[in-house]
Each structure stands twice: as C-alpha cells, then as structure tokens.
Amino acid sequence: MSGSQVRIRKALDGLPSYKPGRPAAPVAGAEQAFKISSNENPYPPLPGVLEAVTATAGSMNRYPDMFATGLVAALADRFDVPPEHVATGTGSVGVLQQIVQATAAEGDEVVYAWRSFEAYPIVVGISGASAVQVPLAPGARHDLPAMADAITDRTRLVLVCTPNNPTGTVVWRDELEAFLRRVPEDVLVVVDEAYREFVRDPEAADGLDFYRRHRNVCVLRTFSKAYGLAGLRVGFAIAHDEVADALRKTAVPFGVSGIAQRAAVESLAREAELLERVEALVGERARVHDALAAQGWEIPHTEANFVWLALGEQTLDFARFCEDAGLVVRPFAGEGCRVTIAEPEANDRLIRLAGEWRAR
C-alpha cells in the first residue's frame with residue numbers, strides 16, 4: 001500500500017470536537033455520584049410515555065415515517081402553525097446542522113454571540129462558512145446591537161440563543177424587535193430556544209411571536225430538555241415555507257426513529273404533567289441561585305435549567321474539586337462552569353461544595 005493519506009476538507013482543520021458532559025463515576029468513600037453537566041431533566045419519562053415507547057419498539061425492524069407525519073401534526077396543533085412550517089431532526093443540534101447546510105457555505109458568514117452553545121462553531125465550521133463571534137455584553141447577555149453591526153453582505157445566518165447556553169440569560173422582546181429591524185430580510189435569524197419551557201421572565205422574547213411577524217425568523221426547539229427525551233434525539237424548527245422545506249431537504253433520511261416520534265407525541269399529550277415537573281425545577285433553580293448568591297457568587301440571572309459560575313482560570317480546579325466529591329459539572333476552561341439544576345440531593349451537594357470552595 002502507498003503511504004498517501006486520504007484528503008480531508010481543510011474546513012475541518014482546527015475544528016473543536018463537541019464535548020458531552022461526562023457520566024458521574026463512583027468515588028471511593030463518597031456518597032452517590034451525580035452528573036449535573038448535561039442539562040438533562042432528572043425525572044424519568046412521563047407516565048404513559050415509556051409504555052408507548054415499549055409498544056412501538058416491536059416495529060423497530062421497519063423504517064420510521066420519514067416525514068414524522070404524526071409528530072408534525074401534533075406540533076402544528078400545539079403551536080397553532082401550519083404543518084408545512086414544521087421540520088424535525090435529530091435533536092435541536094441535528095436541526096441546527098440542517099439549517100446551516102441550507103443557508104451557509106464557503107465564503108458565507110454566520111453571526112452568533114460568544115460564549116454561547118458550543119455546537120455553533122462546530123456546525124458552522126463543517127459547512128465551510130466563517131463564524132463571526134460577537135462577545136457577550138456585561139451580565140453575560142447577548143449584545144444584539146453589536147451583532148447587528150457585525151452583519152455584512154456575506155452574512156447568511158444569525159443565531160440567537162435564548163436562554164443562552166451556558167450563561168442562562170435571555171433576550172428581551174424589545175431588544176429582539178430592534179435587532180430584527182436592522183437585519184436584512186434575506187438573512188435568516190434562528191431563535192434557539194432549547195430551554196424555553198423554563199423561562200419565567202415576562203419581558204423575555206418568545207421566538208414564535210417573532211416568527212409570526214417576520215418571514216426570516218426560524219424558531220428552534222427540542223424535546224431533550226424539559227420533555228426529558230434527551231436519549232431519543234427529537235428536535236424541531238418552526239419556520240416559513242421556503243425555510244422549512246429546505247430543512248426537510250437537508251435532513252438525514254429517517255433520522256428521527258419511530259420510537260422517538262411516538263415518545264414526543266405522547267409527551268405533548270401529557271404536557272400538563274410535564275409543566276408541573278418544570279415548575280419544580282424552576283423552584284429548585286431559585287433555591288440554588290439564592291444560596292450561591294448568599295455565599296458571594298456573582299451569577300447571571302438565569303432562565304434556563306442551569307446556572308453559570310464564572311470561575312476564570314480556576315474553572316478546571318473547581319471542576320476537579322466537585323468531581324472528587326462525586327459531582328460532575330461542565331467546565332469551559334478559562335471561563336467558567338455550567339451546573340444543571342437536578343434532583344434536590346444533587347443541588348444540595350452543589351451548594352455545599354460551592355460554599356466550601358469559597359471558604360478555602
């Protein structure tokens with residue numbers, strides 16, 4: 001065999017790999033270990049969902065409905081939108097990749113805040129487009145005026161993550177309205193709302209309101225967080241005809257399994273029970289936030305199911321400190337740690353360890 005190497009696209013050179021939250025490993029002599037690094041819902045599947053999944057599993061030898069017809073119909077009914085405005089994919093990350101593939105290529109630009117969702121530079125880099133990262137404003141919030149200033153004639157896509165992952169802050173209605181007035185109508189604006197169900201701020205923008213008034217707005221949501229279906233990978237976008245049709249063209253055929261589709265439909269039917277769980281997590285979020293603030297931590301106001309600890313150069317040391325005590329958090333080296341609001345026992349341990357860290 002020759003010594004030649006397979007040619008890989010230059011666009012992948014230096015591209016970061018996505019880093020999932022690591023599982024919680026048992027620690028000798030420690031209590032139960034908890035993983036609060038992946039923003040997962042700590043509750044098990046809703047009553048009825050597991051039974052529906054089990055019943056559907058018997059047909060796994062068949063391909064699923066490629067167009068997720070039943071799920072699309074349920075989403076269209078739930079959000080009062082035309083079914084042709086709904087596109088599904090393998091989690092919101094999968095739909096995000098469909099969006100980027102549909103809008104941006106080499107020579108184009110994609111604008112987004114930074115720090116924000118760590119998948120953004122990956123999916124943009126894979127497309128060959130250039131990422132234009134706009135630093136967050138004070139308070140770890142989107143700087144929408146600066147993002148508008150960053151738009152050029154090469155911009156094809158703008159990503160607005162609200163609540164922002166990993167800082168938890170939201171974009172307000174008046175801010176998004178002013179921003180959209182400055183965005184050219186041929187530039188797609190994606191309002192990424194993976195954590196929308198946890199939002200309680202009455203001034204927070206709701207992407208669906210803006211989608212109804214702006215043809216260049218696409219709303220991105222998921223069943224992975226509040227709905228507790230992270231392991232099944234179901235995401236969806238709501239957008240106007242030409243965008244939604246493009247997302248169906250760029251989707252992986254049969255990407256959303258039949259089991260995942262059925263679980264999502266059943267979860268929508270049990271939304272009242274779901275929202276009770278979400279409310280409990282919101283209550284825990286307030287408890288954790290207030291306890292950490294009382295210890296002296298400066299925490300951005302969060303509307304997600306996590307809080308952000310800006311630790312700077314101490315980030316990795318804090319993550320190791322927590323892991324040694326059976327608590328896995330999500331560190332972003334040199335910046336901070338994102339910690340998920342989980343079961344009360346995990347939250348109690350976080351509060352205790354954060355206090356011990358500050359008292360050192």
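## Strand β6 and V191

V191 is in contact with V160, T162, L176, G207, V217, C218, V219 and L220, leaving aside its neighbours within four places in sequence. This description refers to a predicted model. V191 belongs to strand β6, which covers residues 188-192. The residue counts as buried because its relative accessibility is 1%, and the cut-off for buried is under 20%.

V191 can also be placed relative to H240. The two residues are 49 positions apart in sequence, and their C-alpha atoms are 14 Å apart in space.

## Domains and the annotated span

The protein chain is divided into domain 1, made of 22-45 + 270-359, and domain 2, made of 47-269. Taken over C-alpha atoms, the centres of domain 1 and domain 2 are separated by 25 Å. Domain 1 gives 26 residues to the contact and domain 2 gives 31 residues.

UniProt, in an unreviewed entry, lists residues 34-347 as "domain: Aminotransferase class I/classII large".

K225 sits in the loop between β7 (217-222) and β8 (235-238). With a relative accessible area of 17%, K225 falls under the 20% limit and is therefore buried. Not counting residues up to four places away in sequence, K225 touches S38, N39, N41, A194, Y195 and F198.

N39, one of the residues touched by K225, lies in the loop between β1 (34-35) and α1 (49-56). N39 is buried, with a relative accessible area of 1%. Its backbone has a positive phi of about 55°, although N39 is not a glycine.

## Other backbone features

Most residues other than glycine have a negative phi, and most peptide bonds are trans. A68 has a phi near 45°, a positive value in a residue other than glycine. A68 is in the loop between α1 and α2 (69-79), and this residue is buried at a relative accessible area of 1%.

Two cis peptide bonds can be described here. The bond from W114 to R115 is cis, with omega near 15°; R115 lies in the loop between β3 (109-114) and α4. N165 and P166 are joined by a cis peptide bond with omega about 25°. P166 is found in the loop between β5 (155-161) and α6 (173-182).

## Packing of α3 and α4

Two packed helices are described by the angle between their axes and the distance between the axes. For helix α3 (residues 91-103) and helix α4 (residues 119-127), the axes come within 9 Å and cross at roughly 35°. The crossing of α3 and α4 is right-handed.

On the α3 side, the residues in contact are V93, L96, Q97 and V100. They meet A119, Y120, V123, V124, I126 and S127 in α4. By class, the contact of α3 with α4 has eight nonpolar residues, two polar residues and no charged residues.

S130 is found in strand β4 (residues 130-135). At 31% relative accessibility, S130 counts as partly exposed, since the value lies between the 20% and 50% limits. Leaving out residues up to four places away in sequence, S130 touches D108, E109, V110, V124 and R154. V124 in this list is also one of the α4 residues that meet α3. The C-alpha atoms of S130 and T56 are separated by 42 Å, with the two residues 74 residues apart along the chain.

S267 is placed in helix α9 (residues 258-269). S267 counts as buried, at 1% relative accessibility. Apart from its neighbours within four places in sequence, S267 is in contact with L46, V49, Y227 and L229.

Technical notes. Residues numbered from 1 in each chain as written. Predicted model: local features only at pLDDT ≥ 70, side-chain atom pairs only at ≥ 80, totals over all residues. Heavy atoms only, no water. Axes fitted to C-alpha atoms, helices over the stretch in contact; angles between N-to-C directions. Helix = DSSP H or I, 4+ residues; strand = E, 2+ residues; numbered from the N terminus. Left-handed = near helix turned anticlockwise from the far one by under 90°. Contact = heavy atoms within 4.5 Å. Nonpolar A, V, L, I, M, F, W, Y, C, P; charged D, E, K, R; others polar. Buried < 20%, exposed > 50% of the residue type's maximum accessible area, 1.4 Å probe, protein only. Domains from an automatic or database assignment. UniProt positions renumbered as here; feature names shortened; annotations may be inferred.
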